[in-house]
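Me: I would like to go through this model with you, beginning with the annotated sites. Could you take my questions one at a time?

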Amino acid sequence: MAARGRNAADVLVLFDVDDTLTAPRKPVTPEMLEFMRQLRQHVALGVVGGSDLAKITEQLGKSGLEPIQSIFTDYDYVFSENGLVAHKNGELIGTQALNNDRPVVLHSLQSLKSFLGDDKLKEIINFTLHYIADLDIPIKTGTFIELRNGMINVSPIGRNCSQEERDEFEKYDKVHNIRPKMVSVLRERFTHLNLTFSIGGQISFDVFPQGWDKTYCLRYLEEFQEIHFFGDKTYKLPALMTRYNNAEISSWLSDLHLIVPLICTYTSTPESTVNYYSLLACNKK
């Protein structure tokens with residue numbers, strides 16, 4: 001991509017968090033922060049993650065600064081919980097946003113609990129906990145379910161695991177397909193609720209209503225002539241019909257009737273993100 005200058009930034013570069021800007025659940029490196037600073041001189045920057053704003057700022061905030069402020073300084077758009085909670089230039093745009101003079105009412109004010117109702121939510125949680133209780137895996141810790149504003153995060157090993165345990169579970173999962181198999185069972189059990197099950201990161205998957213995936217953030221971005229998305233796992237797992245959490249952006253765009261050109265690039269580490277972007281930039285010059 002040729003440099004365009006901030007005064008005429010009609011290009012947005014949108015990044016996932018884990019395995020794209022940072023290692024999973026690790027803080028951003030000084031080198032990546034400097035790369036982002038230089039990149040932002042030429043294009044608009046956005047970040048989208050499934051985690052809540054607190055977890056994203058823990059990873060992307062600058063050391064020594066208030067994380068919530070530093071992330072708003074570094075990025076034009078910050079989309080947490082897949083964009084259900086959206087910020088532009090540090091301002092929350094979750095009540096009503098104007099895209100090309102059209103008001104857009106956001107789901108960020110409507111929680112998953114209010115969307116499903118207590119009885120259906122309890123049914124999902126009870127079934128999931130029973131499944132995990134019967135699951136035979138090498139290690140279990142705690143916090144198997146985390147209820148967020150717009151989704152349920154489910155972790156068979158538990159979010160209380162150490163980094164070493166995370167790494168070991170990821171390897172185990174790749175061999176034994178613990179998460180894909182679990183998602184397949186849950187999807188069949190709760191077909192009537194029209195939910196999406198989206199695997200992401202090392203240890204968990206998200207559960208949310210259809211349409212509340214990462215494509216949700218794209219409704220704020222119609223002002224741009226071109227959008228580049230960088231994320232890991234931008235592919236499907238056909239054998240079990242399971243979505244990975246960046247596949248929504250890269251593979252289901254036809255449902256949005258999206259006019260803005262969107263180019264998706266698969267990346268697996270922060271280093272490959274920098275390398276792939278640099279290669280794209282050279283090819284566009």
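**Annotated sites and cores**

Reply: In UniProt, the annotation "binding site" from an unreviewed entry covers Asp-232. UniProt positions follow the numbering used here, feature names are shortened, and annotations may be inferred rather than shown by experiment. The model is predicted: local features need pLDDT of at least 70, side-chain atom pairs count only at pLDDT 80 or more, and totals for chains, interfaces and linings use all residues. Residues are numbered from 1 along each chain as its sequence is written, and side-chain values use heavy atoms, with hydrogens and water left out.

Me: Where is Asp-232 placed, and is Asp-232 buried or exposed?

Reply: Asp-232 is in the loop between strand 12 (226-231) and strand 13 (236-237). Helices (H or I, at least four residues) and strands (E, at least two) are DSSP runs, numbered from the N terminus. Asp-232 is buried, at a relative accessible area of 4%. Buried means under 20% relative accessible area, exposed over 50%, and partly exposed in between (1.4 Å probe, protein chains only).

Me: Which other residues does UniProt list for "binding site"?

Reply: The unreviewed entry lists Asp-16 and Asp-18. Asp-16 lies in the loop between strand 1 and helix 1, and Asp-18 is also placed in the loop between strand 1 and helix 1. Asp-16 is buried, with a relative accessible area of 5%; Asp-18 is buried, with 19%.

Me: What does Asp-18 touch?

Reply: Not counting residues up to four places away in sequence, Asp-18 touches Ala-23, Pro-24, Arg-25, Gln-59 and Asp-232. Contact here means heavy atoms within 4.5 Å.

Me: Changing topic, how many residues does the largest nonpolar core have?

Reply: That core has 22 residues, and Phe-15, Leu-21, Met-36, Leu-45, Leu-60 and Tyr-75 have the most contacts inside it. A nonpolar core is a set of buried Ala, Val, Leu, Ile, Met, Phe, Trp, Tyr and Cys residues joined through side-chain atoms within 4.5 Å.

Me: Which element gives the largest share of this core?

Reply: Helix 1 does, with five residues.

Me: And Arg-166, where is that?

Reply: Arg-166 is in helix 6 (residues 163-176) and is buried, with a relative accessible area of 8%. Leaving aside neighbours within four places in sequence, Arg-166 is in contact with Arg-25, Arg-159, Cys-161, Gln-202 and Ile-203. The C-alpha atoms of Arg-166 and Gln-202 are separated by 6.4 Å, although these residues are 36 residues apart along the chain.
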